[in-house]
Amino acid sequence: MTQEERMREFITMKELMEMLKVSRNTAYRYVTTWKVRIFRDGRTVRFDKEDVIKAIERKTMHF
């Protein structure tokens with residue numbers, strides 16, 4: 001993990017699902033469609049919170 005990655009805030013799948021108010025499958029579909037970076041720590045999957053927020057902003061600007 002690089003210095004920049006250590007400074008970033010990461011969220012778990014559960015936190016992502018709560019943030020988006022969607023199911024696990026929908027959350028995975030969103031992050032793969034939006035090309036959000038995924039980080040694995042063993043079996044745990046984490047997402048870059050900044051990437052998620054930017055992706056949401058990009059999608060809401062198109063409506």
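Good morning, colleagues. The model is a predicted one, in which local features need pLDDT of at least 70, side-chain atom pairs count only at pLDDT 80 or more, and totals for chains, interfaces and linings use all residues. Residues are numbered from 1 along each chain as its sequence is written, and side-chain values use heavy atoms, with hydrogens and water left out.

I begin with the overall layout. The protein has four helices and three strands; these are DSSP runs, numbered from the N terminus, with helices being H or I of at least four residues and strands being E of at least two. Read from the N terminus, the order of elements is α-β-α-α-β-β-α.

Next, the strands. Two strands count as paired if DSSP finds at least two bridges between them. Strand β3, residues 44-48, pairs with strand β1, residues 10-12, in the antiparallel sense over three bridges. Within that pairing, threonine 12 has arginine 46 of β3 as its bridge partner. Strand β2, residues 38-41, is also antiparallel to β3, and four bridges join them. Here isoleucine 38 is bridged to phenylalanine 47 of β3. The hairpin of β2 and β3 has two residues between the strands, and glycine 42 in this hairpin takes a positive phi near 70°.

Of the protein's 63 residues, 32% count as buried, meaning under 20% relative accessible area with a 1.4 Å probe, protein chains only. Contact means heavy atoms within 4.5 Å. Among contacts between residues at least 6 apart in sequence, 48% join residues at least 24 apart. The protein exposes about 4,900 Å², with carbon and sulfur atoms supplying 51% of it; accessible areas come from the Shrake-Rupley method with a 1.4 Å probe. Thank you.

Technical notes. Buried < 20%, exposed > 50% of the residue type's maximum accessible area, 1.4 Å probe, protein only.
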